[in-house]
Every structure is written in C-alpha cells, then in structure tokens.
Amino acid sequence: MTNFHVAPNRVPWPPIIYLAAIAVAVVLGLIYPLPWITEPISDLLFAAGWLAVAGVVAIEVSAMRALKRGKTTIRPDRASDHLVTSGAFSFTRNPIYFGNTLLMIAIGLIAGSVWFIIMALVAAFATQKLAIEREEKHLQARFGKKYLDYARKVRRWI
C-alpha cells in the first residue's frame, strides 16, 4: 500500500516540545522549587538517574543506527522511506521520544527536581497528541498491513 496522502507533521514538534519542557522545568524550579526526597533515598535516586542516562544513550544510539541502516529519516517532519522495526524499534515504536522522556526523568532524579519529572510526562503526552498519532497514520497509510502487524507486536511507548 503506497498511499502518501497522510503526511507527517510539517512542524518538527518533538524537539520543540522537549526543549520547551526543559525550559519550563528549569524556570519553575527556580521560581517555585518543590521539595525533594532526603538522604539516603535521594542518593539512590541520583544513582538511578545516572543509570537512566546510560540507558537513554543506548536507546538513542540504537534507534539512530537502525534508522540509518533502514535508510530512512530521523526527522519527525519528513516522510518515512522504510519501516524500521529493528534495534530499539523492536521494543518501542518511538524509541527516540521514549529516550527524550526518560532523559528528562533522569535529569529530575539527578538534580532532585520534581519539575523535570512532571514536565517529562507533559512532554510525552504533548508528543503523543501532536506528533505520534499523526506519524502512526502516516506509517499506516505508507506501509499498510506491515505497519499494522508491527504496531500489534510492539507498544507505542514501552
């Protein structure tokens, strides 16, 4: 099925959303800092945050390599040339967006900022509504049953 009538977004929403969420988290943290968990739990959360950063790097690198091997674009405002289902795409349909969300949560754990964790969830929701749902329509129109089979096997987030 090669129906190209459903195009991806013209605006690359995900990077804009996540950068805005980071900016809002920083500003809110400065204006109205929220209480954080005390030691020793805070030390464990700090360590967990750094482990999450390592996980983000692995997920993002895997996703970018898979897209490169699949000869398709990483840009959310461009049409996909090929359906990529390998690497990080084998356990989440949106590994880069998942990685961005996890990175914000990790920063929150490392910095002891509840705002980063809250804004990570807001950014994930906004990304789903402004980008993912349209991207899924594009992929379904572009790849048909192949995409639908993939979507049945692999979750949108994790």
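This report describes the helices, the core, the surface and the salt bridges of one protein.

## Overall layout

The model is predicted. The protein contains five helices and zero strands, so its pattern along the sequence reads α-α-α-α-α. Along the principal axes, the C-alpha trace spans about 55 × 25 × 25 Å.

Of the 158 residues in the protein, 40% are buried. The accessible surface comes to about 9200 Å², and carbon and sulfur atoms account for 68% of that area. Among contacts between residues at least 6 apart in sequence, 78% join residues at least 24 apart.

## The nonpolar core

The largest nonpolar core has 29 residues. The members that touch the most other members are Tyr 18, Phe 89, Met 104, Ala 123, Tyr 147, Tyr 150 and Trp 157. Helices α1, α2 (41–69), α3 (95–111), α4 (114–143) and α5 (145–153) each supply at least two residues of this core. The largest share, nine residues, comes from α4.

Not counting residues up to four places away in sequence, Tyr 150 touches Leu 83, Val 84, Thr 85, Phe 89, Thr 92 and Arg 93.

## Helix α3

Helix α3 has 17 residues. From its first C-alpha to its last it reaches 24 Å, close to the 24 Å expected at 1.5 Å a residue. The helix is followed by Gly 112, whose phi is positive, near 70°.

Several residues of α3 are buried, including Pro 95, Phe 98, Met 104 and Leu 109. The buried residues of this helix pack against α1, α2 and α4. Met 104 is also one of the core residues that touch the most other members.

## A nonpolar patch on the surface

Leu 19, Ile 22, Val 26, Val 27, Leu 30, Ile 31 and Tyr 32 form a nonpolar patch on the surface. Together they have about 720 Å² of accessible area. Ile 22 lies in helix α1 (residues 13–31) and counts as partly exposed because its relative accessibility is 30%.

Another isoleucine, Ile 41, is in helix α2. With 43% relative accessibility, Ile 41 also counts as partly exposed. The C-alpha atoms of Ile 41 and Trp 13 are separated by 35 Å, and the two residues are 28 apart along the chain.

## Salt bridges

Side chains of opposite charge can pair when their charged atoms come close. The whole structure has five salt bridges. In one of them, Arg 93 pairs with Glu 136, with the closest N and O atoms 2.7 Å apart. Arg 93 lies in the loop between α2 and α3 and Glu 136 lies in helix α4, so the pair ties together parts that are 43 residues apart in sequence. Arg 93 and Glu 136 are both buried.

Glu 133 is partly exposed, at 25% relative accessible area, and Lys 129 is partly exposed at 44%. Asp 149 is partly exposed, at 21%, whereas Arg 152 counts as exposed, at 62%. Elsewhere, salt bridges that share partners join Arg 93, Glu 136 and Arg 156 into one network.

Methods: Residues numbered from 1 in each chain as written. Predicted model: local features only at pLDDT ≥ 70, side-chain atom pairs only at ≥ 80, totals over all residues. Heavy atoms only, no water. Patch = residues over 30% accessible without salt bridge, like charges linked within 9 Å, V, L, I, M, F, W, Y side chains within 5 Å. Areas by Shrake-Rupley, 256 points an atom, 1.4 Å probe, with all protein chains shown as cover. Salt bridge = Lys/Arg side-chain N within 4 Å of Asp/Glu carboxyl O. Helix = DSSP H or I, 4+ residues; strand = E, 2+ residues; numbered from the N terminus. Buried < 20%, exposed > 50% of the residue type's maximum accessible area, 1.4 Å probe, protein only. Core = buried A, V, L, I, M, F, W, Y, C linked by side-chain atoms within 4.5 Å. Contact = heavy atoms within 4.5 Å. Expected span 1.5 Å × (residues − 1).
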